[in-house]
Amino acid sequence: MLGKKKQKPRRPTGHFDTLVSSRTTVEGDVHFSGGLHVDGRVRGKVVAEEGSDAVLRVSEVGEITGDIVAPHVIINGQVHGDVYASAHLELAERASINGNVYYNLIEMAMGAAVNGNLVHQREPVGLLNSDSPTQPAKETLEQSEELENRAEAE
């Protein structure tokens with residue numbers, strides 16, 4: 001039809017290739033592609049394959065202690081570390097994040113809690129660089145602080 005834009009279909013949230021069950025604790029970094037559903041505990045970084053359209057979902061009983069780097073992230077549990085979501089971040093009502101959140105698009109339900117900074121990243125490039133994910137975010141944070149200082153000076 002005229003005037004209607006075709007929307008890019010979102011990755012289905014029902015298909016997950018890998019499950020960390022509620023009776024499982026993973027010690028160390030986890031690298032994945034596709035879908036990863038966490039009901040248990042992960043102590044280490046959770047990193048999606050660069051260039052993939054991976055989805056990470058942390059359920060209300062899931063817990064991650066370490067940084068998360070993935071394009072699509074859905075959180076309804078606890079995260080102790082920074083979150084880098086280059087495409088889409090969804091924080092459900094029981095989400096609790098102790099760390100900074102770097103996102104492109106964010107959806108946050110009433111009841112979700114973030115104890116840290118929310119930093120909007122327009123450019124997803126560099127967010128998924130697993131060698132030094134904090135560098136682009138740090139630069140953006142410094143730029144936003146500089147803009148705030150200029151606004152206060154005026």
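Which residues have the most contacts inside the largest nonpolar core? In this predicted model, they are L56, V73, I75, V83 and L89.

## Overall composition

The protein contains one helix and 15 strands. Of its 154 residues, 41% are buried. The accessible surface amounts to about 9,300 Å², and carbon and sulfur atoms contribute 46% of that area.

## The nonpolar cores

The largest nonpolar core comprises 26 residues. Two or more residues of this core come from each of strand 3 (30-32), strand 4 (35-38), strand 6 (46-48), strand 7 (55-58), strand 9 (68-75), strand 11 (83-91) and strand 13 (101-108). Another core, of five residues, lies apart from it, and V47, Y84, Y102 and V119 are among its members.

I75 illustrates the contacts of a residue from the main core. With residues up to four places away in sequence left aside, I75 touches V58, I68, V83, L89, E90, L91, A92, A95 and I97. Among these partners, V83 and L89 are also listed with I75 as residues with the most contacts inside the core.

## Strand pairing through L56

Strand 7 is joined to strand 4 by four bridges, and the two run parallel. Within this pairing, L36 has L56 of strand 7 as its bridge partner.

Strand 7 is also joined to strand 9, again by four bridges and in parallel. Here L56 has V73 of strand 9 as its bridge partner. Both L56 and V73 belong to the group with the most contacts inside the largest core.

Six strands, in the order 2-5-8-10-12-14, make up an open sheet with parallel pairing.

Strand 10 (residues 78-80) and strand 12 run parallel and are joined by three bridges. V79 stands opposite I97 of strand 12, and I97 is also one of the residues touched by I75.

## Salt bridges

How many salt bridges does a search of the whole structure find? The search finds three. Side chains of opposite charge can pair when their charged atoms come close.

The side chains of R43 and E27 form one of these salt bridges, at 3.1 Å from N to O. Because R43 lies in strand 5 (residues 41-43) and E27 in strand 2 (residues 25-27), the pair ties together parts that are 16 residues apart in sequence. R43 is partly exposed, with a relative accessible area of 37%, whereas E27 is exposed, at 59%. R41 forms a salt bridge with E63, and their closest N and O atoms are 3.9 Å apart. R41 lies in strand 5 and E63 in strand 8 (residues 63-65), so this pair links parts that are 22 residues apart in sequence. The relative accessible area of R41 is 40%, and R41 is partly exposed.

The side chains of R94 and E60 also meet in a salt bridge, at 3.2 Å from N to O. R94 is located in the loop between strand 11 and strand 12 (96-98), and E60 in the loop between strand 7 and strand 8, so the pair ties together parts that are 34 residues apart in sequence. E60 counts as partly exposed, at 47% relative accessibility.

Leaving aside residues up to four places away in sequence, N76 touches V58, S59, E60, A92, E93, R94 and A95. E60 and R94, both on this list, are the two residues whose side chains meet in the 3.2 Å salt bridge. N76 and E60 are 16 residues apart in sequence, while their C-alpha atoms are 4.7 Å apart in space. V58, A92 and A95 are touched by N76 and are also among the residues touched by I75.

Notes:
Residues are numbered from 1 along each chain as its sequence is written. This is a predicted model: local features need pLDDT of at least 70, side-chain atom pairs count only at pLDDT 80 or more; totals for chains, interfaces and linings use all residues. Side-chain values use heavy atoms; hydrogens and water are left out. A nonpolar core is a set of buried Ala, Val, Leu, Ile, Met, Phe, Trp, Tyr and Cys residues joined through side-chain atoms within 4.5 Å. Buried means under 20% relative accessible area, exposed over 50%, partly exposed in between (1.4 Å probe, protein chains only). Contact means heavy atoms within 4.5 Å. Accessible areas come from the Shrake-Rupley method with a 1.4 Å probe; for residues, only the protein chains shown count as cover. A salt bridge is a side-chain nitrogen of Lys or Arg within 4 Å of a carboxyl oxygen of Asp or Glu. Two strands pair if DSSP finds at least two bridges between them.
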